[in-house]
Amino acid sequence: MSGGVQLENANPVIFQRSVDRMLTASEEDEDVHDPIDDREIFLIRSINDPEHPLSLEELNVVEQVRQVNDTESTVSVEFTPTIPHCSMATLIGLSIKVKLLRSLPDRFKIDVHITPGTHASEEANKQLADKERVAAALENSSLLEVVNQCLS
Amino acid sequence: MAAESPLLLSLVEEFVSGLQDTKAKDTATGVKDGQFTVLQLVEALGQSLTSSQPHTRARGVQLLSEVLQDNYGALTEREVELLLAFYENRLKDHYVITPPVLRGLLALTKSRKLPPGSAVSMLRSVFQDVHVQSLMLAERACVYNMLINLMESREDELKGLGADFVFGFVQSMDGERDPRNLLLAFQIAGNIVLRGYSMGKFTEELFEVTSCYFPIDFSPPPNDPHGITKEELIQALRAVLTGTPKFAEFLLPLIIEKLDSDVQSAKLDSLQTLAASVGQYEHRDLAEFLEGLWSSLRREVFQTSSEKIEAAALTAVTALTSCLSRSVLNSDSEDSLSSFLVLVLRDCKHHLFEPDLKLVWPSAKLLQASCSASYRAAHSITSAVVPPLVEQYNSRTQCSDRRTLLEVAQRFIQSTASCQSVDHGEERVCLTADSLCSLVFSALSESNSSLQITAASVLTSLAQQPGLLLDSDIELAVDHLTRLLLTDEDERVSAAVVECAGALAEQHPAAFITKLIPTLKKEIESSALRSHHAVRQRCLSALAAVSIRASVVMESAPVLLDVLCSAHADPNCFSVDEVARTCLSLQRIAERVQDGEDTSRCFHDVVVPRLLSLALQAALQSDGSSDHRSPLVEEEVLSAMVPVISTACSRLKTFAEQTASRVVSLFLDGDVSFLPDNSFPLHVQLLQDSSWRQTQLVCLLMACVCSLPRSVALPQEERLLSELEELSCSCRHPLSYTSAAKCFAGLVNKKPQGASERQVFGVIKRVSSELDRPSSPLRTQAFTLLIWVAKALLLRYHPLFSALTDKLFSLLDDALLGPMAADSFSLLMSDSADVLNRGCHADLRIMYRQRFFSENSAKLVQGFNAAPQEKKANYLKALSNIVNKLPKQVQVSELPALLSLLLEALTCTDEGVQLSTLSCLQPVLINPPQVLIQQLEALVSRLLALIGSPAMKIRVASIRCVLALSCFPAHEVLPFRSRVLRALAPPLDDRKRLVRREAVQARAEWFLLGSPGGR
């Protein structure tokens, strides 16, 4: 991993993990239609940070800003790198994007971007929005390897 | 001299010159059988032993040694002495002769006739003339075994050798590398250390020669025939190193050095060795290394990389502290415990109070580890830490910080609990309990729910230590708990409060009797008007939780009974659900109280009669008016009453017999004399086929008579059985005939072997004739009785059981009862909640399920193959019902044989069959047998087809199975990857969230399969 021995943010602030969604009666009821909601998209919280043995949730990288619209089939996720110069920002964004691509029905349009004002460069936003570049990145087997490690 | 036998000469000749190794065995047998003596053998060997060729001499000695190995027991002392002298002399001979000589010596060390002094001389010559490490593996083992044998039999002589023995041993093991020999060598070293051999000036040498293997790094070769594990070596070496305080000055620096290692296993081993070693040490041994040890241990906890190491380090800290606390102080020595604790406090205390609370947990754990070691340590640490902790709590405003501090405080309470000392107990109490109590109470009055939960659990820990809380504290605590119970809406808070109340009430019942119970009683009664459901529920569960002591039960049980009473009187004031909950609370009380005279009397004289009386009143009264229906005739309420009575009869044995005979006479003869509020008609006939309201009370009879201990004899049992049989075969009300059948089965199950045949035959005859008439209206009843009796007999391995199974299997082909028969197999294989379980003292043999399965699976498969197409589903359902209930280990071993049938079951259209087959398959998929992998194509396509099932549970279960498939060997499942990924796409858009969740998980795993960085 490019982080190597020297970690950029050696001692991050750790946040508590939230508990799993409580099982409700309506979820067990066959006749009720459960829409896809914000909380469900929160599965991206379990993605591992490329640098630390911690999940994105524990580092508070994916905050509560997730907008899901089931009827219009759009998802929008903002994430906040732990430090403004985090070189991993693009990689984290790519991991989130891939996780969502694999976990959502293909009718959804997925938008992943850095929370405005939390990162020195917002170049990553352009890269993440570009379908071609995301597809190309996933053709690259060493990059795919790193992404898969974050997701496993 | 005896004449030399020609046989012996030829044997010797063939062994020595002919090099035929088998002849040694023949010779040994000859000596054993008395054909010739050892002396004759030596004489016959004369020529070869004196030959000028070393190899011939070696062959000669080898023959002698091998014969001795089988015959050392028969040697006389004189012979042993001579042979020893010969062997010792031979050690100086040519090197090729050494191995057989050593083998001979080893044989002689086993002899019980070893002359005195010979051990010393033998060892001297071995140490002098043999360089052990230049020998082969087997010969080195020989030397070690000699030492072990001699240490067992001649300990005194060896100790007489003094330090020379240790030196000799050190020289012989120095450089040993084979794990098998190392185990032997460690055993010898352990003996030296533990049995008090004098080590003299060779202490350090012995330490060096053994400690060079520390920490052990050994991975046995695959398919190792010797079966030596790393763990064995570690334990053996640890026994040596930690065996004596004399090693302390060498071992402790070594441990400090090894703790710096990067290898996890080395760290773990060092920490465990440290913890084991200090058990023997005194503070003098530790003094100079304390600082070094502490800084290493602290680092392991602060920068921990794994929980195992952290736990080991904390154990080591506890061991260290308890060693220091144990040692007796001299007037001139400094108090090493206090100096160590000063170190601990210096490094840990301030972290508790840092503003960001980052290293709180590691520091608290370290402090608590030393706290739990001894009273003295606990005293100094708590007095230094707890007051500032309280202060800190008060100065914080954020709830999460406060909660952390409370949790830390709770850990302190728990860790001091382990070192409670009788004579000093009270002193510590004054120090901390006051301030902690005020802390807890202030937290309980906060509005934050997680803070309240933590505070309740701190209060629980405080309460669990006797003598820690003052009476005034308890009263205050009870007030707080009552307030929270009545006002707080958060479910988690009330659960924590109820648990805490239970713990407090166990230690301090008085405060609960005088305060909590009256308040709750008032609340239940008054809220009845406002119909505040949640509050009432909490009150009910709190009443159950606090009733552990007999004195509390006497107060709380009547409150609950009053609830039932008023529910009966006015059906509008309590819902059926609440009445059932009240019964549940009574049941929980019966489950938790101690069996004693008071509690037993309370249940058998008050609770059970009142329950019966209320149920009977309801049954009789509702007969008349239909609009005003008491909740006590509802099936839900009656089924909740059953466990109350059955728990009372099975657990509280003192008066159970009396209750049983009263209940029997109530049901058989209508004897109502023991019931309170007696206004019943004189002759109620509960078991005759009258109104369903009355016959259904038979479930209460079942609760009572089926849960008695087997030693209690029932009056009028025969009559009872025949009336029950009649009722179960003729009644039309489901609860009544099922309960009667259960009751009959429960009684048959407990009858002594041989006493029940008549009834069982009667039942089989009656049931069969009923079932054989397809038009009979009472077939369901007959079937119910059949299945329950079958279960009763199956549990106790009754010989008549097979007759019933055959009947059951034949019913699978029945047009009407077939599906029911298939379902009934699950009843047969599972534990029933109210009768025929261990709690009811049923005669229940172990592994009856496996037995049933192994006896009947073949019949089932046969029946399946013979059955017409439309009946096959019944067989599949029966099979999956049986397999589902088998223990997992049995499932995994038995399934391969049934695999084709199960795959067939997946295509069966019945959803119940699909679901239970999927749940059978899933555990097997985690550890797939070879057969399954061969059928992968069939399995995958069937599972993928089920993903589109209309039933949610089946979709979830099949996706789980698909997830399990991803863990199969990659080369087997990789061909299916794209197919599975395609099939998993639609469920991502499923209408049910539970299905989507499984699909997301499974799809993520399958994506990782065969992809770089994945699996």
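A salt bridge is counted here where a side-chain nitrogen of Lys or Arg lies within 4 Å of a carboxyl oxygen of Asp or Glu. This is a predicted model, in which local features need pLDDT of at least 70 and side-chain atom pairs count only at pLDDT 80 or more, while totals for chains, interfaces and linings use all residues; side-chain values use heavy atoms, with hydrogens and water left out. Residues are numbered from 1 along each chain as its sequence is written, and chains are lettered from A and ligands numbered from 1 in the order in which they are written. Side chains of opposite charge can pair when their charged atoms come close.

Over all chains, the structure holds 57 salt bridges. One of them is formed by the side chains of K521(B) and D562(B), with an N to O distance of 3.8 Å. Because K521(B) belongs to helix α27 (residues 509-530) of chain B and D562(B) to helix α29 (residues 550-569) of chain B, the pair ties together parts that are 41 residues apart in sequence; helices (H or I, at least four residues) and strands (E, at least two) are DSSP runs, numbered from the N terminus. K521(B) counts as partly exposed at 30% relative accessibility, and D562(B) counts as partly exposed at 29%, where buried means under 20% relative accessible area, exposed over 50%, and partly exposed in between (1.4 Å probe, protein chains only).

A salt bridge also joins the side chains of R662(B) and D605(B), at 3.9 Å from N to O. This pair links distant parts of the chain, since R662(B) is in helix α33 (residues 656-669) of chain B and D605(B) is in helix α31 (residues 597-624) of chain B, 57 residues apart. R662(B) is partly exposed at 25% relative accessibility, and D605(B) is partly exposed at 33%.

In a further salt bridge, the side chains of K877(B) and D823(B) meet at 3.4 Å, N to O. K877(B) lies in helix α43 (residues 872-885) of chain B and D823(B) in helix α41 of chain B, so that parts 54 residues apart in sequence are tied together by the pair. K877(B) counts as buried, at 15% relative accessibility, whereas D823(B) counts as partly exposed, at 38%. Elsewhere in chain B, E152(B), E155(B), K159(B) and R195(B) are joined into one network by salt bridges that share partners.

Most residues other than glycine have a negative phi, and most peptide bonds are trans.

The peptide bond from F214(B) to P215(B) is cis, with omega near -10°, and P215(B) is located in the loop between α12 and α13 (230-241) of chain B.

## The hairpin of chain A

Chain A contains 6 helices and 3 strands, which follow one another from the N terminus as α-α-β-β-α-β-α-α-α. Of its 152 residues, 46% count as buried.

Strand β1 (residues 66-69) of chain A is joined by 4 bridges to strand β2 (residues 74-79) of chain A, and the two run antiparallel; strands are taken to pair if DSSP finds at least two bridges between them. In a regular strand the side chains alternate between the two faces of the sheet. In β1(A), R66(A) and V68(A) make up the covered face, while Q67(A) and N69(A) make up the uncovered one. Q67(A) stands opposite S76(A) in β2(A). The hairpin has 4 residues between its strands, and S73(A) takes a positive phi near 55° in it.
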